[in-house]
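My entries follow in the order in which I looked.

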Amino acid sequence: MIQHQLGLIPSIVRKEDKGEYIQSLVDSRENDDSTIAQDTMLRHHVANLNHRVSQYQEADTVNSQFDTVNDTVNSRNDTVKELKEGLKRIYMAIRENPDITHSELMNIFNISESTAKRATRELKKLGFIKRDGSDKTGKWQILK
């Protein structure tokens, strides 16, 4: 509420920083200077944004092994040129790990189970992969 009154973007104050936050409010009130609290809230807001950016970058590097954008012209990805980017990424994940499950694909690419199953069904239909064995204990066979 105070952040709103001061015209600041609401920011989350972490539990370990609440003491500093409360002290800045007390200091602002005692000194009749709202910039003390504003500076503290802004610092926490910037820290939260930096934390979110680093989380995003970490998540992005996890998927970089399946990123086909910067692959060379003569790479093994040439066989999948005609696939849409989403299917290409899933195909490359399966190619890297033939034991991969739909659940693992969901986690890697942050997609739903139905999207993962739809992608593998499309790759099977196009003749890129085939499933050997059961869904639980089987593995993917690469055909192209």
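Predicted model: local features only at pLDDT ≥ 70, side-chain atom pairs only at ≥ 80, totals over all residues.

**Entry 1**

Is T120 buried or exposed? I read a relative accessible area of 2% for T120, and because the cut-off for buried is under 20%, I noted T120 as buried. Setting aside the neighbours within four places in sequence, I listed I94, H102, L105, I129 and W140 as the contacts of T120.

**Entry 2: helix α4**

Since I94 had come up among the contacts of T120, I turned to α4, which runs over residues 85–96 and has 12 residues. From the first C-alpha to the last, α4 reaches 16 Å, close to the 16 Å expected at 1.5 Å a residue. Which residues of α4 are buried? I wrote down L87, K88, I90, Y91, M92, A93 and I94. I then looked up what covers these buried residues, and the cover includes α5 (102–109), α6 (113–125), β1 (129–132) and β2 (139–142).

**Entry 3: the two strands**

β1 and β2 pair in the antiparallel sense over four bridges, and R131 stands opposite W140 in β2. In β1 I found a covered face made of I129 and R131, whereas K130 and D132 form the uncovered one. The hairpin of β1 and β2 has six residues between the strands, and in this hairpin G133 takes a positive phi near 90°.

**Entry 4: T40**

I looked up another threonine, T40, and found T40 in helix α3, which spans residues 35–63. At 5% relative accessibility T40 counts as buried. A polar atom of the T40 side chain lies 3.1 Å from the backbone oxygen of I36. Leaving aside neighbours within four places in sequence, I noted E20, Y21 and S24 as the residues in contact with T40.

**Entry 5: the whole chain**

Finally I stepped back to the protein chain, which has six helices and two strands and follows the pattern α-α-α-α-α-α-β-β along the sequence. Buried residues make up 26% of the 144 residues. Among the contacts with a separation of 6 or more, 42% are between residues 24 or more positions apart. The accessible surface comes to about 10200 Å², and 51% of this surface belongs to carbon and sulfur atoms.

Note on methods:
Residues numbered from 1 in each chain as written. Heavy atoms only, no water. Expected span 1.5 Å × (residues − 1). Buried < 20%, exposed > 50% of the residue type's maximum accessible area, 1.4 Å probe, protein only. Contact = heavy atoms within 4.5 Å. Areas by Shrake-Rupley, 256 points an atom, 1.4 Å probe, with all protein chains shown as cover. Pairing = 2+ DSSP bridges. Polar contact = N/O pair within 3.5 Å; in protein donor to acceptor, adjacent residues only side chain to side chain.
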